[in-house]
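Please look over the sequence and the model below before reading on.

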Amino acid sequence: MTSKLVYTGFITVDGIVDSPGSVREGHPGGGWVFDTPFLPEVFSLKGEELADTTALLFGRRSYDAFSAVWPGSEDHADYRDLPKYVVSTSIREEDLVSGWGPQHILRSTEDVARLKETTKGGIFIHGSAELATRLGDADLIDQYNLLMFPFLLGGGKSVFRSDELGRRNLKLRESDAYENGVVKLVYDVQR
């Protein structure tokens, strides 16, 4: 029994995932998702993912951000009862939000590897750039679901390390391009 670990996120052409929703998230160029003309078909990937999602995985900061909004959001109601895992050395049980389905704390990359080996289905990482980078470096991510937006930010958080970690091969599973300049890219990690 093994799970598939999928990173899903919004990304710029230069690989930045920092602050897609607003400047308040930390990057001076933030808010780029909302600076793109809205087309519902662009976000159909999110609905497609839901059919494959058996659990959600977050780093601490992304958990705090999403748990402040998603539990009461009708747009995210389908995520409400799914198991959620938070990878953090500092979060405590009493920090977890009540009424948001089963939630578990993982303390390390090794805990995530064990989770993959002991569960079945798709575990999706939302946000959590630093966690995704660490798990990608540990060769634990199996698939990248990216919506690439037509911006160059020139710096910020990325889920791909820029040092000499070594080449990783990806195989394109699916792609699409939309009139507003967004491109859907779904890659499997080749091993």
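Contact here means heavy atoms within 4.5 Å. This is a predicted model, in which local features need pLDDT of at least 70 and side-chain atom pairs count only at pLDDT 80 or more, whereas totals for chains, interfaces and linings use all residues. Residues are numbered from 1 along each chain as its sequence is written, and side-chain values use heavy atoms, with hydrogens and water left out.

Strand E1 (residues 3-12) pairs with E5 in the parallel sense over six bridges, pairing being assigned if DSSP finds at least two bridges between two strands, and Ser3 has Gly121 as its bridge partner in E5.

Helix H1 (residues 44-52) has Leu45, Lys46 and Glu49 buried. They cover an arc of only 100° around the axis, which puts them on the same side of H1, the arc being that of the directions from the helix axis to the C-beta atoms. Among the elements that cover these buried residues are E1, E2 and E5, together with strands E6 (143-149) and E8 (183-189). Glu49 has a relative accessible area of 2%, and, leaving aside its neighbours within four places in sequence, Glu49 is in contact with Thr8, Phe124, His126 and Asn145.

Helix H3 (residues 109-118) can be read in a similar way. Its buried residues are Thr109, Asp111, Val112, Leu115 and Lys116. They cover an arc of only 155° around the axis, which puts them on the same side of H3, while Glu117 and Thr118 are exposed on the other side. The buried residues of H3 pack against E1, E2, strand E3 (84-87), strand E4 (103-106), E5 and helix H4 (129-137).

How values were computed:
Helix = DSSP H or I, 4+ residues; strand = E, 2+ residues; numbered from the N terminus. Buried < 20%, exposed > 50% of the residue type's maximum accessible area, 1.4 Å probe, protein only.
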